[in-house]
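Please look over the chain shown below before reading on. The notes that follow take up its charged pairs, its sheet, its cores and a few single residues.

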Amino acid sequence: MINETEQIKQQLIYRKKLMEKINEIHSASSLNAILLQLKDSIAELFDAERITIYLADSKKNVLFSRVKSGDELKEIIVPIGPDSIAGYVALTGQLINIKDAYNTEELMLINTKLKFDSSWDKKSGFRTKQVLCVPMKFQNTLIGVIQIINKKIGQYFNELDISFATELATSLSIAIFNLHKITMASKIARQKGKFHYLIGKNLIDEKTIEKATDHPDSSKIGVEGVLIRDFGILRDDMAKSLSLFYGTDYILFDPSLPPLPDIHNRIKPDKLKKELWVPVKIENGVLNIAMEDPSDLQKQDFIKFLYPEYKNINFLVSFKEDIETYIDYFYKLGKFAEEKGSISEILEKLDKTEEPDVEEEVKKVSEEDSVIVQLVNKIIYDAYHKKASDIHIEPYPGKNDTIVRIRIDGRCSVYQRIPYKYKHAIVSRIKIMAGLDIAERRKPQDGKIDFKKYGPIDVELRVATVPSAGQLEDVVMRILASGEPLPFEKLGLTERNYKVFENAISKPYGLILVVGPTGSGKTTTLHSAIAKINTEDVKIWTAEDPVEITQRGLRQVQVNPKIGFTFANALRSFLRADPDVIMVGEMRDEETAEIGIEASLTGHLVFSTLHTNSAPETVTRLLDMGMDPFSFSDALLCILAQRLARRLCPECKEIYRPDKKELDEIIDEYGREYFSMENIDLSEVKLAKPVGCVKCNNSGYKGRLGIHEILECTDELKSLIKRKADIDDIRKQAIKDGMTTLKQDGILKVFQGLTDLREVRRVCIK
């Protein structure tokens with residue numbers, strides 16, 4: 001009784017698993033989705049060692065494996081007939097349950113002609129014993145065969161296995177039949193649009209399209225080729241129809257077109273033949289590409305990535321046959337091949353060894369199933385060449401597109417919209433590149449991408465992921481600055497600011513702070529200042545996160561808070577390493593600030609940054625953090641606050657004379673009592689405004705310039721700091737000492753025609 005109860009319980013569990021599998025089959029959106037669901041679970045469901053699901057090709061009269069266990073063989077193809085068990089089941093439509101496939105007597109009892117094809121066992125090294133083979137049929141149409149091999153427990157597959165296998169085969173047959181029907185209907189509907197011109201001229205009808213689509217040669221020469229070959233359609237008429245469908249010109253093979261060695265050497269002919277496109281000519285600076293499908297955006301993006309110097313690329317439709325002929329013609333293959341060992345062939349090889357192989361450089365974005373790989377590389381590549389500072393990947397819940405925005409000159413703009421189905425894949429790809437945990441979506445993560453491992457440009461990106469609504473993740477990638485520091489003279493400092501800052505960095509000890517929001521150019525300014533004093537007789541240590549700009553002569557350290565190596569720890573270690581100058585990337589906490597001030601009082605020149613809005617506010621911020629006002633006032637040399645405003649495009653900006661009303665507004669905004677000290681002749685004032693051209697992407701702005709205010713720590717200011725004076729008193733004293741505020745400095749640059757007042761107002765509050 002107990003055994004019977006246990007048996008019933010096991011059967012119920014078995015049936016539940018089967019129903020779950022059947023439900024998955026009927027809810028799948030594609031044949032591949034169905035087969036993926038089955039790949040690793042059917043054998044387990046039947047407690048078997050192996051499973052093979054064959055689909056039938058009625059035209060070729062064969063079965064081919066679409067799902068199978070074991071990796072010894074890539075694909076199994078068997079004829080429909082009695083020479084194999086699966087072939088016999090497909091031929092007769094009968095279910096077979098065999099205890100021993102090698103027992104010829106057992107096979108002859110089923111049918112005297114039935115054989116077991118043992119060649120597959122010999123190839124794989126696997127030993128077939130029991131075989132349960134079930135046909136898949138629907139509406140008298142053979143769909144395929146399910147073959148389950150080697151029962152793990154028991155001598156053969158039992159009645160329950162047979163019942164469940166039959167039920168599974170029925171469900172699978174219905175699902176595959178319906179999906180095939182939908183796929184064919186969709187394909188024919190597309191072909192109707194493709195050949196609308198031919199239908200309109202009564203050259204073909206829908207039945208003709210259906211016959212050509214279903215023709216076995218359509219996979220080799222295309223439906224177009226079948227219609228031309230078998231149904232008498234002229235090539236010119238077909239080309240016209242394709243041209244109207246794709247909305248582009250068509251091109252047939254033209255042997256008068258010259259080869260383009262610089263273009264063709266970047267990609268191998270085998271790849272072109274596989275993807276069916278080829279560069280054919282350059283006209284008026286436009287690169288023309290012949291393609292079988294000019295609407296293929298994936299190929300278009302790869303072509304643009306491969307030929308970045310061509311801003312305009314024209315995609316033309318062409319026949320498969322003509323594209324292959326062009327490839328043979330340009331690469332000297334087939335009937336166009338030259339005699340082996342010719343001088344031109346040797347010279348071509350020499351050229352290849354001397355020039356970098358761009359195809360190898362972009363290999364990682366073009367191999368196998370690499371839509372996402374190519375997409376991410378393309379985004380980074382384009383952002384870098386557009387001189388963007390940040391890339392924002394912003395997925396949205398539901399079937400909403402993922403938005404990609406890039407920040408150029410401080411302003412975000414939409415770069416691309418990516419179909420919603422890629423919203424998880426694109427984030428996962430970036431996380432893999434940055435070495436992050438792709439399974440962790442609940443917590444923010446940060447990392448770094450060394451892009452030279454993945455693409456043809458040498459650039460690093462700082463990556464931050466942030467969980468967002470709908471169980472999604474946003475990604476922000478900061479493109480890190482690289483190369484040499486900006487010369488000190490090109491910081492854009494006014495005469496007074498230049499003198500104050502230069503005097504401060506020339507001191508043997510003290511504290512210099514550069515402040516402003518994220519992305520305001522603080523690191524660039526610090527490195528420019530340090531570069532001016534970077535000589536052989538000065539020992540300079542820097543602690544940064546990350547190290548963006550490198551300089552010869554500096555000893556630069558990358559902090560790593562994850563392992564406890566913070567700015568404070570780096571600063572302590574520097575004090576034991578005999579420094580003259582120390583740069584600390586940021587004073588994030590009280591501990592770092594205290595050590596920095598202490599270091600500046602013990603004979604070291606200390607540079608650092610802080611996230612504050614203005615120079616006077618920095619003083620009160622540090623005092624509020626708990627700094628000793630006496631030590632701080634003695635250590636401080638100067639505070640430079642800065643912003644970055646967009647620079648007017650020098651190619652298209654419009655110079656004009658402002659009227660009295662506009663001048664009065666600007667002077668009032670500057671401060672009339674201070675403006676009189678600037679000695680500006682109002683009768684000679686000329687301003688500039690943005691216009692927009694090709695070089696600035698029609699924005700009117702190109703590049704950025706710094707806007708600064710420098711608080712010099714004079715004796716009067718030191719006494720205010722010691723008394724912990726209010727910020728207004730500190731600001732008034734700093735202005736009295738000669739400080740121009742951020743907005744005032746920006747207005748002076750407006751008078752120089754470098755930017756406009758709207759930009760200054762955008763980055764400066766008062």
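Arginine 235 has a relative accessible area of 30% and is therefore partly exposed, where buried means under 20% relative accessible area, exposed over 50% and partly exposed in between, with a 1.4 Å probe and protein chains only. This is a predicted model, in which local features need pLDDT of at least 70 and side-chain atom pairs count only at pLDDT 80 or more, while totals for chains, interfaces and linings use all residues. Residues are numbered from 1 along each chain as its sequence is written, and side-chain values use heavy atoms, with hydrogens and water left out.

**Salt bridges**

- Side chains of opposite charge can pair when their charged atoms come close.
- A salt bridge is counted here when a side-chain nitrogen of Lys or Arg lies within 4 Å of a carboxyl oxygen of Asp or Glu, and by this rule there are 30 salt bridges.
- In one of them arginine 235 pairs with aspartate 322, and the closest N and O atoms of the two are 2.6 Å apart.
- Because arginine 235 belongs to helix H11 (residues 235-246) and aspartate 322 to helix H15, this pair ties together parts that are 87 residues apart in sequence; helices (H or I, at least four residues) and strands (E, at least two) are DSSP runs, numbered from the N terminus.
- Aspartate 322, for its part, counts as buried, because its relative accessibility is 4%.
- Aspartate 745 and lysine 749 also meet through their side chains in a salt bridge, at 2.9 Å from N to O, and since they are four residues apart in helix H30 (residues 742-751), about one helical turn separates them.
- Aspartate 745 is buried, with a relative accessible area of 0%, and lysine 749 counts as buried at 3% relative accessibility.
- A further salt bridge, of 2.8 Å from N to O, joins the side chains of glutamate 759 and arginine 762.
- Both glutamate 759 and arginine 762 lie in helix H31 (residues 757-763), where they are three residues apart, about one turn of the helix.
- Glutamate 759 counts as buried at 1% relative accessibility, whereas arginine 762, at 36%, counts as partly exposed.
- Salt bridges that share partners also join Arg235, Glu321 and Asp322 into one network.

- Three strands, in the order E7-E8-E9, make up an open sheet with mixed pairing, two strands being paired if DSSP finds at least two bridges between them.
- Strand E7 (277-283) and strand E9 (313-317) are the edge strands, each of which pairs on one side only.
- On average, neighbouring strands of this sheet are turned by 30 degrees against each other, direction ignored; axes are lines fitted to C-alpha atoms, for helices over the stretch in contact, and angles run from 0 to 180 degrees between N-to-C directions.
- Strand E8 (residues 286-291) and E9 run parallel and are joined by five bridges, and leucine 287 stands opposite isoleucine 313 in E9.
- Helix H14 (residues 297-306) lies across E7, E8 and E9 and runs at about 140 degrees to E9.
- Helix H15 (residues 320-331) packs on the sheet as well, where it touches E7 and E8, and its direction makes about 70 degrees with that of E7.

**Nonpolar cores**

- A nonpolar core is a set of buried Ala, Val, Leu, Ile, Met, Phe, Trp, Tyr and Cys residues joined through side-chain atoms within 4.5 Å.
- The largest nonpolar core has 31 residues, of which Ile391, Ile449, Phe451, Leu461 and Met477 touch the most other members.
- Among the elements that each supply at least two residues of this core are helix H18 (371-385), strand E10 (388-394) and helix H19 (423-433), and H18 gives the most, with seven residues.
- Isoleucine 391, not counting residues up to four places away in sequence, touches residues including Ile379, Val404, Leu461 and Met477, where contact means heavy atoms within 4.5 Å.
- Apart from this core lies another, of 30 residues, among them Ala615, Ala641, Leu717 and Ile730.

**Cysteines and tyrosine 197**

- With a disulfide taken as a pair of cysteine sulfur atoms within 2.5 Å, the count comes to zero disulfides.
- Cysteine 133 counts as buried at 0% relative accessibility, whereas cysteine 412, at 28%, counts as partly exposed.
- Tyrosine 197 has its place in helix H8 (residues 196-200) and, leaving aside its neighbours within four places in sequence, is in contact with Asp237, Lys240, Ser241 and Leu244.
- Between tyrosine 197 and serine 243 there are 9.7 Å in space, C-alpha to C-alpha, although the two are 46 residues apart in sequence.
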